[in-house]
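Reader: Hi! Could you walk me through this structure? I'm new to this, so please keep it simple.
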Amino acid sequence: MLRDLRVSCAPHISEPLSTRSVMIDVIIALVPAMAAAGYYFRIYALILIPTCVISAVATEWLCNLIRKKPNPLESLGDFSAVVTGIILALSLPPSLPVWAAVIGSVFSIAIGKMVFGGLGANIFNPAMAGRTFLTACFGILMTSWTVPATIDSNMPQISANLPHARTQATPLAWSKQAIKTETGAKIANEQIQATFTGEVGGCLGETSALALLLGGLYLLIRRTINPHIPLAVLISALVFATIGYVVNPEAYIQPISHLSSGAMLLCAFFIATDPVTAPLTTKGMWIFGIGVGTITMLIRIVGEYPEGVMYAVLLMNAVTPLIDRFCKLVPTGGKPNV
Amino acid sequence: MKVAVKSRFTFPGGTHPPQSKGLTAESKTQPGPAVKQVAIMLSQHIGAVCRPLVDKKEQVQAGQKIADCDAFVSAPVHSPVNGKVKEIALRSHAVLGRSLAVIIDADPENNPPKQPGCTKFTDDFDANNYSAEQICDAVRQAGIVGMGGAGFPTRVKIEPNPRLPKETLIINGCECEPYITSDYRIMLEWTNQIIAGIKLAVKASGCSKVFFGIEDNKPEAIEVMNAALKTHANGDDIKIVPVKTKYPQGGERQLIKAILKKDVPTGGIPPMIGVLALNVATVAAIAEAVVYGSPLTHRVVTVTGEAIANPGNYYVPIGTSVEELIEFCGGVTEKSAKVVVGGPMMGIAIADLTTPITKTTGAITVLTSKQIGRAKFARRQTPCIRCGRCIEVCPEHLNPTKIAHAVKNNALDLAESYYISACIECGCCSYVCPANIEVTGYIKVGKITLARQKKKIPE
């Protein structure tokens, strides 16, 4: 009477979740940041985001072809390449030429993800790997910050002018300048309000703290990410920045502005929380987050670069397997006495 | 009568699968089918397998012991019907694969379906009329095993053990599995019998405290039990504890954690912390066995699922085939995809519908492909993205994805270093996995492979 019965392990029902639905949640959470990018950088955002997404997806498809996957389109369905493309685009300078963005996306997917075996097997955050590659190759392009379209620039410029793009220094560049020359962190401090709305120079998607917080909140409410890593990153960075500010308020900018400017929020909610490259356990997540926050601030305050998020994330990605090894869970009933 | 109860007693971890109990929650326990043939498994419990005491073509009476074993950890089995032994042959067993069973052809004239429940129990029941030895002996003779699913012989559990003295009795009325309502119905319908059983279990085991855990999604059961306890002499010795509705709240270790805030040691058993845990169906069976000497030959089975025409709770002879039971319930309506012995979280999907009901079968769930979910139905697994959801829900605080991948890559020593043996196989990790990885499945395979390597079970 009953035919074609299926037999498999329990449980026989599952939560209506999939890798795709998780990735779609992340994409939805990135919409405010993309909208802010579109508002402030107009045509740059319209070019850069689709460029990165399309080249990331195409690269994954090509890699699948090379790996002779039976269905090279299958792995595209999880949308992880789309997420990588968007995050990479949001972390690039707005005026970056299209060819450079394509190179970055190809490196992100091909070297950052596919050579390790695809989704779930990569050690480093693909988007950050691509961005690091671009920084190493095209240093000047990667540090030219376009002025948001909403303001007429009357701010001083410190970086080389490129044709057709008016540029300005980012708040963190001012902060670095202040530390180096001890001329006072006044300009950076004046930009705090602008870093919340996004009306400052910077990477495409990192300027508006408000949009990023909105997206982060969505991810937390949807329980797509848990709060451990964002909290650990932000708290440790805040503590570090406060120490600097207390020591010398003239040279170091206000602590809160370290959180709202640069890629700190993008990192805390979207980059460091990439589950593939972050530790599995709660304790591990805190160690990872504190590591990311501290290294970022070390680079920002002590190091040579004004911004250190991508190096911090990559360094902590590298030690993630080690963290997982040290933070082994103990069963509820204690270790069995064998 | 509906009273909202909200409890905070619970354990860390766990999930909230849809309850789906509405299909059968209001259906009164009815007598099961008048069976033509039963297959009584010789192994329906944890412990030594029974040896048959009857021969081919021998006449047997309902309630007659047909197989037994001298081993301490074992339980005899009895015939639920009057009839003739057809043969002793292999039948498919939900848990063990294939196992020996006594096949009995029921006498068609002489087998009225047994009515569910005993109305004979009243609120003046006194367990002091029975000695502890008497109770233990009756429980052993009736072949009672843990009816919640594990099937551990109850006599071994309730008998006082000087090395592991028991103080607290925990009665498990959680029924956290979706769909199943058999325990819920007997709590409503056999209230006095359950209380009598609890009194007997207390008397036999020497426990001084009794906690009765019921999930807070069953306010009627909590109400009915509380009302009945008020009329009983010393009824307030038994304390009803509403616990939070969360899967797997009905797991022995999770219920003990929720009520007593104590952890049963990993790899250990509840008596190590002075606890005895019994399921409601088991205590009901104890009462019947001790007072009326009736062996465990019938049990309440919930036949449910969206694909069943008449879902309900039935008092079924043990040994009835799943096929006969499904047909008795009007057969299947939609295209059913899976027949599960037990609930959807921990039950076992069967392909052979002649599989008989055993003492531990609380439900038959027939699921449609829609309920199973598209990805699970297609058995499509994607790579682990290390999201950590399985770790969040694991009630035993393990690292399911690490264990599963260790097993997948045949690194059993690594799996052991992540405490694979501490897994209770509740299925929460597979349930929440966005990649649809059969985490629990891998862990089960790993446990069996390890046991084989250590020669604990044959190939």
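Reader: What is the order of the strands in the open sheet of chain B?
Author: The order is S3-S5-S6, an open sheet of three strands in chain B with antiparallel pairing. Strands here are DSSP runs (E, at least two residues), helices are runs of H or I of at least four residues, and both are numbered from the N terminus. Two strands pair if DSSP finds at least two bridges between them. This is a predicted model, where local features need pLDDT of at least 70, side-chain atom pairs count only at pLDDT 80 or more, and totals for chains, interfaces and linings use all residues. Residues are numbered from 1 along each chain as its sequence is written, while chains are lettered from A and ligands numbered from 1 in the order in which they are written.

Reader: Thanks! Which strands stand at the edges?
Author: Strand S3 (51–52) and strand S6 (77–78) of chain B do; each has a single partner strand, so one side of each is left without a neighbour in the sheet.

Reader: And how many bridges join S5(B) to S6(B)?
Author: Two bridges join strand S5 (residues 65–68) of chain B to S6(B), and they run antiparallel. B:Ala67 has B:Val77 of S6(B) opposite.

Reader: Switching to chain A: how many helices and strands?
Author: Chain A has 14 helices and zero strands. Its radius of gyration, taken over C-alpha atoms, is 21 Å, close to the 20 Å from the globule rule for 338 residues, so chain A is as compact as a globular protein of that length. That rule is 2.2 Å times the number of residues to the power 0.38.

Reader: Into which domains is chain A divided?
Author: Domain 1 (20–142) and domain 2 (168–325), with bounds from an automatic or database domain assignment. Their centres, taken over C-alpha atoms, are 21 Å apart.

Reader: How many residues of the two domains are in contact?
Author: In chain A, 34 residues of domain 1 are in contact with 28 residues of domain 2. Contact means that the C-beta atoms, placed from the backbone, lie within 7 Å.

Reader: What gives the most to the domain 1 side?
Author: H1(A), with 14 residues on the side of domain 1 of chain A that touches domain 2 of chain A. That side divides into 27 nonpolar, five polar and two charged residues. Ala, Val, Leu, Ile, Met, Phe, Trp, Tyr, Cys and Pro count as nonpolar, Asp, Glu, Lys and Arg as charged, and the others, Gly among them, as polar.
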